[in-house]
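Biologist: Please take a close look at one part of this model for me. I would like to go through its salt bridges.

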Amino acid sequence: MAAKPSIPKGTRDFSPVEMAKRNYIFNTIRDVYHLYGFQQIETPAMEMLSTLMGKYGEEGDKLLFKIQNSGDYFSGLTDEELLSRNAAKLASKFCEKGLRYDLTVPFARYVVMHRDEITFPFKRYQIQPVWRADRPQKGRYREFYQCDADVVGSDSLLNEVELMQIVDTVFTRFGIRVCIKINNRKILTGIAEIIGEADKIVDITVAIDKLDKIGLDNVNAELKEKGISDEAIAKLQPIILLSGTNEEKLATLKEVLAGSEIGQKGVEESEFILKTLSAFGLKNELELDLTLARGLNYYTGAIFEVKALDVQIGSITGGGRYDNLTGVFGMAGVSGVGISFGADRIFDVLNQLDLYPKEAVNSTQLLFINFGEKEAAFSLNVLAQVRAEGIRAEIFSDSSKMKKQMGYANAKNIPFVALVGENEMNENKVTLKNMETGEQTLVSAEELIQTLKK
């Protein structure tokens, strides 16, 4: 007996209806990116491990899917190395490629490789899948799509402002109420300096980033485990739990970080972004959140995260400023900033809130019933006219029983059916049936097109 087929945990199949929904997401995001002058690129699913390793921090490196070399990958290995059972060391010998973990690092590699072809500042977007060897759970997948937009070659904070406008526009179009959270890694660095733990900035940001997930007590326990003193942890509490309006938080931070030059710089940058955006009157909430840390090591300035207000799910968009990323590929001094929409989580949110427009989900608008060879030939002529006008239409391929053909229309939620028999052909018309109301009307091809266009 054949084994029952399955797919890897953390991956999903998508039906035609689900793909229609996903394409609605991708197309909405793509349209907004185009409004702001972004151009599309694509990069390979797999990259050299040397490109990926060391860019996401120790935790990120563990989540890279490595691709086993083809051929005899045992050649060149000693018995001692094989018997050591050192998984990390052996993987480095067996694997020279890996599946991309995100789109930002491959983008940085692309910029360096194609620097002579690019006009800076370079505004690119990319909609492709990424892979992470994570533990699958609700809202967290091993294979998922990211929809990134980045600007490289410009230090201007106007880029941050425009990216937040893009976020606001996209979620307004989706009808999802969100809170756009922003912070700055320079502020976090300043906080680490003020509490006397400047060298532990990575440990502090990784721990703080988990506040929503594991709570304050567990964050403090993790900080202590990383060797941060009780005194420093105590100083950290009122800062990360700071409340009030954005203006009040900024005012407090100016006082708290008075002794940190980098911290003050972070406050200035955040103040510019918040004040500029407030002048535009965003449709969604905008909050300065000091607990936002974004665990990835390459962020150096403003950082962003978006939370849905009406659904319990993790971050559905994130991003930030990274000043040093291309430097590791031999191209120093190129600053960048970007955002990434989590398409799979947005898909789940739109499903839970039932926010998909009908026209985005329903594919075929009109089905021609097939009563036989002559009728089908007549229908094909009208069908060509209908399609030429941009109406999505099809003909049932077999002259099966009427019940089967109507059942097909119902199963696919096709709103209109065209019936062509002897009488219709004699009058050079078709009978148009509204599948929702049951109403039938004898119409010409032109009248049929006008009805469906409405």
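Which residue forms a salt bridge with glutamate 59, and how far apart are the closest N and O atoms?

Modeller: A word on the source: this is a predicted model, in which local features need pLDDT of at least 70, side-chain atom pairs count only at pLDDT 80 or more, and totals for chains, interfaces and linings use all residues. Residues are numbered from 1 along each chain as its sequence is written, and side-chain values use heavy atoms, with hydrogens and water left out.

The partner of glutamate 59 is lysine 210, with the closest N and O atoms 3.7 Å apart. A salt bridge here is a side-chain nitrogen of Lys or Arg within 4 Å of a carboxyl oxygen of Asp or Glu. Glutamate 59 lies in helix 3 (residues 57-62) and lysine 210 in the loop between helix 9 (201-208) and helix 10 (211-225), so the pair ties together parts 151 residues apart in sequence. Helices (H or I, at least four residues) and strands (E, at least two) are DSSP runs, numbered from the N terminus.

Glutamate 59 is partly exposed at 49% relative accessibility. Lysine 210 is partly exposed at 22%. Buried means under 20% relative accessible area, exposed over 50%, partly exposed in between (1.4 Å probe, protein chains only).

The structure holds 22 salt bridges. Among them, lysine 181 meets glutamate 287 at 3.2 Å, N to O. Lysine 181 sits in strand 7 (residues 178-184) and glutamate 287 in strand 8 (residues 285-288), 106 residues apart. Lysine 181 is buried at 13%, and glutamate 287 is partly exposed at 24%.
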